[in-house]
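User: Can you take me through the aromatic rings in this one? Start with how you define a pair.

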Amino acid sequence: MSKLPDPWLTGLQQGWAVLGHTSEPPTTLSADVLVIGTGAGGGITAELLARAGLRVIMLEEGPLKTSSDFNQLESEAYPTLYQESAARKTNDKAINILQGRCVGGSTTVNWTSSFRTPSETLAFWRDRFGLADLTDDALSPYFQQAERRLNVSTWLTPPNENNELLRRGAAQLGIPAAAILRNVKGCWNLGSCGMGCPTNAKQSMLLTTVPTALGLGATLVVNTRATRLNIQNGRVTSVSAEYVDKKSAPSQESIAKSAIEIKFGHVVVAGGAINSPALLLRSQAPDPHDRLGIRTFLHPVVMSSALMAQRVEGWAGAPQTIYSDHFLGTQAIDGPMGYKLEAPPIHPVIFASSIPGFGEVQSGMLKTFAHQHILLALLRDGFAPASAGGQVSLRSDGSPSLAYPLNDFVMDGARRALLSMAEIQFAGGAKEVLPVHEQAQPYTSWAQAKAAITQMPMVPLQTRVVSAHVMGGCGMAASPELGVVRPDGVHWQIANLSVHDGSLFPTSIGANPQLSIYGLVNRLTQDLIGRLGGKAEVLA
Amino acid sequence: MPTTRRARHAILPPMNRRNWLKLGMGSALVLAMGGGWVASIAPGWRDGAFSADAQMVLRACGKALLAGSLPADAAAESAALDGLLQRLADAVAALPPHAQAELSELLALMGTSAGRQLLGGVSAPWQNATVPQVQAGLQDMRFSRISLRQQAYQALHDLTGAAYFSSPQTWTVLGYPGPRDL
């Protein structure tokens with residue numbers, strides 16, 4: 001256990017209003033604004049609203065876990081901090097999704113990569129979804145404020161070997177690579193970001209906005225899930241919720257009649273893409289143009305592992321400090337799918353469960369664990385007609401299910417990405433490269449790998465695909481025919497309901513999305529405060 | 001412009017055993033088993049624990065999947081497999097109900113003679129099957145044209161790998177030092 005100071009322990013002693021943590025929350029609650037979810041979107045929203053003098057309740061389905069609980073152990077982190085124990089999957093089981101489920105949401109467990117929304121992504125939104133105000137210039141102050149607030153800054157420590165290999169291999173091929181900005185302050189370079197930051201260096205919502213809101217008198221209700229928005233005459237009159245404790249899916253009974261009722265003037269849904277559209281589906285929110293739950297994007301990820309002569313120790317040191325956007329720019333944004341290259345952290349559980357093969361083959365790989373180097377490619381989905389993304393629907397128990405077709409268009413991008421990564425890894429000195437695909441073998445030369453990957457059947461399941469970025473499903477657009485919410489984040493058909501999370505995005509981002517959420521939500525919330533009659537506030 | 005495509009507010013049918021079979025298994029297996037028979041299989045996961053049959057499946061598959069990583073000494077191997085089973089139970093207990101239900105069905109099917117042979121590709125009973133026999137069955141599932149068999153293989157592979165290597169006792173093989181002292 002971390003012996004370092006934990007600001008939450010102090011805050012709780014000082015009387016922060018946290019309900020549901022040590023006992024069941026009360027059955028009725030009320031506020032000016034209810035914010036559902038405490039991740040990137042909910043956190044920013046709650047801090048700004050609280051600073052504007054509004055009475056805020058933050059509702060969080062996951063538990064409150066803080067730095068003193070973070071033991072750098074995958075066995076503890078995955079079941080407690082992630083959706084579905086880090087094993088959330090698309091309904092064909094072909095994509096494994098990493099998504100947070102705790103106070104701070106995915107920001108508590110992400111790898112700190114911070115990118116503004118790429119200009120070409122915003123241009124596409126203006127062009128195709130009528131979001132005329134979303135220009136680089138208009139958003140710049142909102143990004144700047146978020147960057148200051150969360151200490152998004154240049155990481156001056158040299159990259160770990162796993163990331164350095166990306167830089168070195170790419171440089172050999174003349175492919176540009178650059179450093180990733182990180183939202184950390186006094187980072188110890190441990191590499192356990194994905195298990196919760198034990199030193200409170202990561203400027204997640206858990207450490208920043210949620211405590212600030214609490215300090216200003218907001219209430220946080222944890223272990224409590226919004227089951228239903230009660231909608232009448234174009235307004236949400238209240239939200240029904242249930243204390244989750246050990247239960248992981250909303251029961252039929254609880255949807256019909258939940259134990260907890262929360263009243264408010266305005267509600268902000270920020271449960272993350274997948275959960276936010278699912279809440280609206282459970283609530284039978286009006287959806288006259290069939291936009292709800294569609295166009296869910298994942299940045300489908302394919303991976304390539306390489307055996308190096310030297311020790312890599314991919315568990316040690318900050319993850320994802322070097323990236324290359326070269327392959328996002330080699331074709332038109334709505335052409336064949338582009339991809340971003342990064343180098344993830346490598347820990348035993350995620351490695352053993354992701355690397356294909358078993359028995360002596362797997363044990364051979366594991367014996368060289370310290371020498372394994374891994375690259376990943378995030379495929380930029382949602383820009384071409386053949387990349388319409390996935391669709392959220394509900395299981396009979398009310399929990400969300402995501403269908404995401406890995407069609408030939410997506411898998412063509414996956415094949416090119418496996419080729420690029422193998423070439424870079426050989427250029428960086430790899431002795432062997434194993435594309436993460438059931439039918440792949442460790443290849444000992446680029447020529448051999450190229451021949452094999454070119455022939456490999458790029459089909460779901462056989463190609464191992466994961467995702468850590470969930471976007472869309474409550475898309476923003478300038479007309480109700482094209483989106484669920486208006487350009488100001490308010491639902492097209494429900495006047496006192498805003499959506500403030502990654503589910504707003506009309507396409508994927510083409511970069512790790514946390515800063516895109518912070519920036520856009522910062523702007524939406526400042527507008528919302530004006531409409532709700534709060535005093536004007538900026539972030540930071 | 002993005003197109004609209006979907007069944008409105010689709011509610012998926014409950015994943016009962018029969019649906020699950022129809023979903024991906026191909027008609028031969030469904031015919032071989034028959035609907036009434038399928039409905040009579042005891043769940044592989046109930047009241048927070050694996051059934052005895054499910055434990056047998058997981059143990060045999062664990063031994064095959066982890067060959068080369070398990071301790072060589074028989075008593076130590078047995079203890080390592082006990083630990084694996086315990087960690088698998090902990091992992092499954094933390095899964096949401098829909099995932100528990102699917103896994104329960106998979107393990108229940110694999111625990112029957114017909115399921116072991118047709119889904120798992122193993123002819124000898126689990127307690128007698130050799131590691132090479134189970135490995136051959138797993139390899140068969142892994143590359144099967146039936147997506148349900150691929151899904152079943154990956155579920156066993158991923159769960160076993162994750163549960164086994166979550167224990168610090170297994171890290172010496174990896175040369176992984178574990179958490180840093182803070």
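Analyst: Rings of Phe, Tyr and Trp (its six-membered ring) pair if their centres lie within 6.5 Å; planes under 30 degrees apart count as stacked, over 60 as edge-to-face and the rest as tilted. This is a predicted model, where local features need pLDDT of at least 70, side-chain atom pairs count only at pLDDT 80 or more, and totals for chains, interfaces and linings use all residues. Residues are numbered from 1 along each chain as its sequence is written, chains are lettered from A and ligands numbered from 1 in the order in which they are written, and side-chain values use heavy atoms, with hydrogens and water left out.

User: Which residues form one aromatic cluster?

Analyst: A:Trp315, A:Phe351, A:Phe369, B:Trp171 and B:Tyr176.

User: And how many aromatic pairs over all chains?

Analyst: There are 14. In one of them, A:Phe358 and B:Tyr153, the centres are 6.0 Å apart and the planes at 55 degrees, so the pair is tilted.

User: Why does that pair join two chains?

Analyst: Because A:Phe358 lies in the loop between α11 (348-354) and α12 (359-367) of chain A, and B:Tyr153 in helix α9 (residues 147-164) of chain B. Helices here are DSSP runs (H or I, at least four residues), numbered from the N terminus.

User: Is A:Phe358 buried or exposed?

Analyst: A:Phe358 is buried, at 10% relative accessible area. Buried means under 20%, exposed over 50%, partly exposed in between (1.4 Å probe, protein chains only). B:Tyr153 is buried too, at 1%.

User: New topic: which ring does the charged end of A:Arg182 sit over?

Analyst: The ring of A:Trp155, 4.4 Å from its centre. The test is NZ of Lys or CZ of Arg within 6 Å of the ring centre and within 35 degrees of the ring normal.
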